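Trainee: Could you show me how to read a helix and a pocket in a model like this one?

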Amino acid sequence: MIYTVTLNPSIDYIVEVEDVKLGGLNRMKRDLKLPGGKGINVSRVLKQLGAENTAIGFLGGFTGRFIEDKLREDSIRTDFVTVQGDTRINIKLKHGDETEINGLGPDISQEEAEALLRNLSALHEHDIVILSGSIPPSLGGDFYERLIGACRQAGAEFVIDTTGEALMKALVHKPLLVKPNHHELAELFGVELHTREEIAAYGRKLLESGAQNVLISMAGEGALLITADKVYHATVPKGTVKNSVGAGDSMIAGFVGTYVLNGDPLEAFRTGVASGSATAFSDDLAVRSLIEQLLPQVKISEC
């Protein structure tokens with residue numbers, strides 16, 4: 001089983017207006033409410049790819065019920081811990097450029113945190129847990145380490161998609177996959193990266209620190225996959241970018257969902273890139289038909 005963990009989910013409330021008049025009345029052209037949060041995005045794309053998974057984390061209030069209902073409508077299994085506070089709403093205001101207003105999210109109590117850790121005690125060997133996104137301040141900066149400890153104790157693999165100290169601390173536990181973009185990679189090491197060779201060199205540092213596979217997205221320049229013995233580059237399909245939200249999560253879903261099925265990192269890489277592009281070219285997350293349409297356009301070469 002694949003599990004996705006979202007510690008601070010949201011309703012993504014997408015609002016489109018002609019223009020924004022601060023201090024005046026604005027009328028919407030269009031609005032859309034979607035279940036949000038990085039792990040939840042991964043779950044939704046995994047389901048499109050036919051990979052069964054369970055979404056876990058914290059949900060609360062009427063907003064939490066909306067998210068759970070939407071996931072169940074898509075036949076995605078859920079095992080969330082119910083918390084006292086309301087799950088947050090993130091506003092994506094589209095008026096040419098996109099303006100984001102993100103909610104804070106509820107405080108998580110110690111009892112609620114322990115309940116999530118108990119849920120992970122049911123993990124089995126060969127399960128994969130995908131840890132995505134930021135940690136709510138109320139949980140403390142070491143909460144991912146506690147989740148990783150539960151994974152390792154059960155013999156389960158884990159994927160981590162976060163940045164900074166939380167990512168660096170996770171590497172010693174040998175994650176199956178890490179996926180920074182090239183900007184996050186540069187920030188992680190306090191450097192500027194200008195060439196593919198420089199990006200690959202610093203990606204290898206993550207591998208040397210413990211990661212089993214390193215996937216680095218580089219926007220229009222494609223992506224790199226760094227494995228134990230080789231570095232590969234993938235081109236990205238051509239298309240009109242409509243949506244940057246969830247593209248990285250879709251890439252992780254494409255990689256993990258395919259890797260679980262056939263164990264081939266190159267096919268996983270190809271599907272990951274196609275899935276990320278499919279989301280970028282869509283109003284919502286990638287759907288299977290578009291992913292399959294884009295797959296032949298992803299060309300992989302050894303660096």
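This is a predicted model: local features need pLDDT of at least 70, side-chain atom pairs count only at pLDDT 80 or more; totals for chains, interfaces and linings use all residues.

Trainee: Which residues of α7 are buried, and why do they lie on the same side?

Mentor: The general idea is that an α-helix has 3.6 residues a turn, so residues three or four places apart point the same way. In this structure the buried residues of α7 are I199, A200, G203, L206 and L207, and because they cover an arc of only 105° around the axis, they fall on the same side of α7. The face turned away from that buried side carries E197 and E208, which are exposed.

Trainee: What covers the buried residues of α7?

Mentor: The covering elements include the helices α5 (164-171) and α6, together with the strands β11 (177-178), β12 (214-217), β13 (223-226) and β14 (231-234).

Trainee: How many residues does α7 have, and how far does it reach?

Mentor: Helix α7 runs over residues 196-208, which makes 13 residues, and its first and last C-alpha atoms are 18 Å apart, close to the 18 Å expected at 1.5 Å a residue. After α7 comes G210, with a positive phi near 140°.

Trainee: Turning to the largest pocket, how many residues line it, and which lie nearest its centre?

Mentor: The lining has 48 residues, with K38, S244, G246, A247 and G248 nearest the centre, and the space inside amounts to about 1,200 Å³. By class, the lining comprises 25 polar, 13 nonpolar and 10 charged residues. Elements that each supply at least two lining residues include the helices α1 (38-48) and α8 (247-262) and the strand β2 (10-17).

Terms used
Residues are numbered from 1 along each chain as its sequence is written. Side-chain values use heavy atoms; hydrogens and water are left out. On a 1 Å grid over the protein atoms alone, a cavity is a set of points where a 1.4 Å probe fits but cannot get out, and a pocket is an open set with protein on both sides within 12 Å along at least five of seven lines; lining residues have an atom within 4 Å of a point. Grid points are joined across faces, edges and corners, and a volume is the space filled by probe spheres set on the points. Helices (H or I, at least four residues) and strands (E, at least two) are DSSP runs, numbered from the N terminus. Ala, Val, Leu, Ile, Met, Phe, Trp, Tyr, Cys and Pro count as nonpolar, Asp, Glu, Lys and Arg as charged, and the others, Gly among them, as polar. The expected span of a helix is 1.5 Å times one less than its number of residues. Buried means under 20% relative accessible area, exposed over 50%, partly exposed in between (1.4 Å probe, protein chains only). The arc is that of the directions from the helix axis to the C-beta atoms. Contact means heavy atoms within 4.5 Å.
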